[in-house]
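Dear colleague,

Please find the structure we discussed handed over with this message.

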Amino acid sequence: MGDRWHVEVDRSVCIGSGMCVNHASDAFHLDSARQSHPTEENRDAGEHVLAAAEGCPVEAITLTLAGSGEAVFPPEE
């Protein structure tokens, strides 16, 4: 069984670019105010979800390992 990620979007930072939806439409959606929301709080790890987080122009998406809270993106320095 693979890793599971906890997905969060900081909507106070989100600018509604839609890049997350372009990269991972099954993992994110935009509401009527163009604010991003994860479709699931915890989901299987996937390259497309990581690409969505990395592609966010304002780094509003945080990925952590579900259960442990270890940072996946952005990585801890």
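Predicted model: local features only at pLDDT ≥ 70, side-chain atom pairs only at ≥ 80, totals over all residues.

The structure contains an open sheet of 4 strands, in the order β4-β1-β5-β6 and with antiparallel pairing. The edge positions are taken by β4 (42–44) and β6 (71–73); each has a single partner strand, so one side of each is left without a neighbour in the sheet. On average, and with direction ignored, neighbouring strands of this sheet are turned by 35° against each other.

Strand β1 (residues 4–9) is joined to strand β5 (residues 61–65) by 5 bridges, and the two run antiparallel. Within this pairing, Val9 stands opposite Ile61 of β5, while Leu65 in β5 is the bridge partner of Trp5. The antiparallel pairing of β1 with β4 comprises 3 bridges.

Helix α2 (residues 47–55) lies across β1, β4, β5 and β6. Relative to β5, helix α2 runs at about 140°.

Salt bridges

A search of the whole structure gives 3 salt bridges. One of them links Arg4 with Asp44, whose closest N and O atoms are 2.8 Å apart. Because Arg4 belongs to strand β1 and Asp44 to strand β4, the pair ties together parts that are 40 residues apart in sequence. The strands concerned, β1 and β4, are also those joined by the 3 bridges described above.

The cavity

How many cavities of 30 Å³ or more does a search of the whole structure find? There is 1 such cavity, and the space in the largest cavity amounts to about 80 Å³. Its lining consists of 14 residues; those lying nearest the centre are Cys14, Ser17, Cys20, Ser36 and Cys56. Sorted by class, the lining has 10 nonpolar and 4 polar residues, and no charged residues.

With kind regards

Key. Residues numbered from 1 in each chain as written. Heavy atoms only, no water. 1 Å grid on protein atoms, 1.4 Å probe; cavity = no way out; pocket = protein on both sides within 12 Å on 5 of 7 lines; lining within 4 Å. Points joined across faces, edges and corners; volume = space filled by probe spheres on them. Nonpolar A, V, L, I, M, F, W, Y, C, P; charged D, E, K, R; others polar. Pairing = 2+ DSSP bridges. Axes fitted to C-alpha atoms, helices over the stretch in contact; angles between N-to-C directions. Contact = heavy atoms within 4.5 Å. Salt bridge = Lys/Arg side-chain N within 4 Å of Asp/Glu carboxyl O.
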